[in-house]
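I opened this notebook to record what I looked up in one protein model. The entries follow the order in which I consulted it.

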Amino acid sequence: MGEYEPKIEVQFSESLHVTKGSSVKLECFALGNPVPSILWRRADGSPLAGKIQINHSNGVLEVPYFRPEDEGVYEQNNVSRVFVFKSPDVEHLQWLQTLKDANVAVEANLQWECQASGKPTPTYRWLKNGQPLAAGDRIHMEDGRLALSSVALSDSGMYQCLAEHEHGAIYASAELKVVGKSRAIMDDGSLRITNVSQSDAGRYTCVARNTFGASSSSGSLVSVVLPCQVSSDPTLEPTFKWFLNGKPLDLELAPRREHFELIGGVSAGDLMVRNVQLKHSGKYVCMVHTAVDSVSAAAELIVRGPPGAPVEVVVSKITDTGVQLSWGSGPDNHSPVTSYALQARTPYSVGWQTAQTVPDCVPGQMLHASVTGLKPWVEHEFRVVALNAVGVGEPSVRAIMDDGSLRITNVSQSDAGRYTCVARNTFGASSSSGSLVSVVLPCQVSSDPTLEPTFKWFLNGKPLDLELAPRREHFELIGGVSAGDLMVRNVQLKHSGKYVCMVHTAVDSVSAAAELIVRVPDVAPVNVSGGGGSGGELVISWEPVPEEQQGGEDLGYIVAFRQRGASDRGPWTQAVLASPDASRYVYWNDSIMPLSQYEVKTVGQHCVVLRDRGVLGASCTCSRQWEDHWI
């Protein structure tokens, strides 16, 4: 066989695509006589990398662990065949922003966003419970963002964001819990809204109607969003923490979750305050932490509300058809008081009525006014209400009457304590004291607050429905998430009995009991008489209750009297004597005429006894046994 020139027997593609990190081999098979030698080189003249291996016997070129710098045109020095190594632009997918579980109220809006890095640029798909999620009127998907508007209970489920390109896919998952919302009108006319969201914000009007007409009252439900957003590398995963008046806001506690919620994505820690109340006023600080830095921002939240109740209401200058009222101002709750309304009621009126006053409109700077147009010989009660630009405030609860008596309406635990009446004139002073005490039955548990314990009270085996208006007059559930203390206001004989507090959680139930005994003296004081005093004195005497009939310790007496023939006029004058041995009381008033006749009541006064069974505590209040007399 004669000699002939080399001939390449392998056909190469003009370019080869090689994945980063892989190995590539190229075999060049050539014929020729004499046997041709095969040499490889780079067309740009740069030397071959040291890692490249060439087998000269068979002409194989091998590039291990291919890197981008290995790209280029490779050729043989004695042939015209050329090929190019090209490394495709590929990066594995990695999450920059993932999803977090969400609890959302019905009709609220939700937005989720996921972001991934990779080459080629990834595309996104969304799945719900493993099935593709279809776009619709309420469902919008675009570039890794999912927006759900006016969510419904049926939207609850497990959602997945799928990021993918031709070389792979990654998933991010989160659960959506849609919490049902309810609005209920209670027996007492109040409106209860559960699972409040920003969509509930607005003005609500209550309308009461009967056969005589209608009346309405309006109020606002306000939600506030305090923004806290940062611009940073999302891979730093910023964390947000809020403070109110220097104290951390633990948003995991049940009482906090009722009003506060952290909203926003990975770069936003906005704080939503639902059903804003006066107590939410203050300085809010948002603290943002990353692995490399910390920053903060602050804002002052001022909640303007109706004014607080006026205080120290005094009734004076009583005539047949009018009185004068004076009072002290309560808190204005960040909105100045613009005017005051004076109200009155009698045993014959339907609730509180606006009183006729002088001046007709009492300005906010005035702290006294005259009430006119009253019915003679009828007992009246008075209260004062403050108004400002926000609304009508709470009415006053304490009024000092012209006869020196103290009248307290809407009694609460803060009213409990010992009260002393001091009477003074030019000859000196005299005082008398008495106690107003509410019974608190404590019921507290130590448990994980996430278990959200519920409390239920029973009296003599029957549930105490604290939502009924007659119950609310005397009973109130107080305490936080781990306390269901029961306050009994204005304790009466009918409140005696066995009280049981039942505590339920998702994992257990416990109970504790106590017996409340309201003691009353077995008999009333006897042999009540009067007379024998000097001018201007009313002397009342009685025979003390024997020890064996006192019904327990701490017996005292209350004496009430008024001039005979005045049964339909004015209140009783009362005096308290704390000693069980007391048998005489002297009342001095220079207006008392000789031989005046008075109607007198004497009463034995006792305290409540509470017998412990379990974790409950004890307190006391007063009960009475009256006896009527004429002197």
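**Entry 1: Ground rules.** I note that this is a predicted model, in which local features need pLDDT of at least 70 and side-chain atom pairs count only at pLDDT 80 or more, while totals for chains, interfaces and linings use all residues. Residues are numbered from 1 along each chain as its sequence is written, and side-chain values use heavy atoms, with hydrogens and water left out.

**Entry 2: The whole protein.** I looked up the secondary structure and found two helices and 57 strands. Helices (H or I, at least four residues) and strands (E, at least two) are DSSP runs, numbered from the N terminus. Of the 631 residues, 34% are buried. Here buried means under 20% relative accessible area, exposed means over 50%, and partly exposed lies in between (1.4 Å probe, protein chains only). The accessible surface comes to about 36,200 Å², and carbon and sulfur atoms account for 50% of that; such areas come from the Shrake-Rupley method with a 1.4 Å probe, and for residues only the protein chains shown count as cover. I also checked contacts (heavy atoms within 4.5 Å). Among those between residues at least 6 apart in sequence, 58% join residues at least 24 apart.

**Entry 3: The sheet β3-β7-β6.** In what order do the three strands of this open sheet stand? I read the order as β3-β7-β6, with antiparallel pairing. β3 and β6 are at the edges with a single partner strand each, so one side of each has no neighbour in the sheet. From one strand to the next, the twist averages 15°; the axes are lines fitted to C-alpha atoms, for helices over the stretch in contact, and angles run from 0 to 180 degrees between N-to-C directions. Two strands pair if DSSP finds at least two bridges between them. I found four bridges between β3 (residues 24-27) and β7 (residues 60-63), and three between β6 (residues 53-55) and β7. V60 is the bridge partner of E27, and N55 also stands opposite V60. Q53 has E62 as its partner in β7. Four residues lie between the strands of the β6 and β7 hairpin, where G59 takes a positive phi near 75°.

**Entry 4: The sheet β44-β48-β47.** I then turned to another open sheet of three strands, in the order β44-β48-β47, whose pairing is antiparallel. The twist averages 25° from one strand to the next. Three bridges join β44 to β48 (residues 485-488), and L441 stands opposite L486.

**Entry 5: Salt bridges.** How many salt bridges does the count come to? I found five, a salt bridge being a side-chain nitrogen of Lys or Arg within 4 Å of a carboxyl oxygen of Asp or Glu.

R138 and D155 meet in one of them, at 3.0 Å from N to O. R138 lies in the loop between β15 (131-132) and β16 (139-142) and D155 in the loop between β17 and β18, so the pair ties together parts that are 17 residues apart in sequence. Is D155 buried or exposed? D155 is buried, at 5% relative accessibility, whereas R138 is partly exposed at 29%. Beyond its neighbours within four places in sequence, D155 is in contact with K128, R138, L176 and V178.
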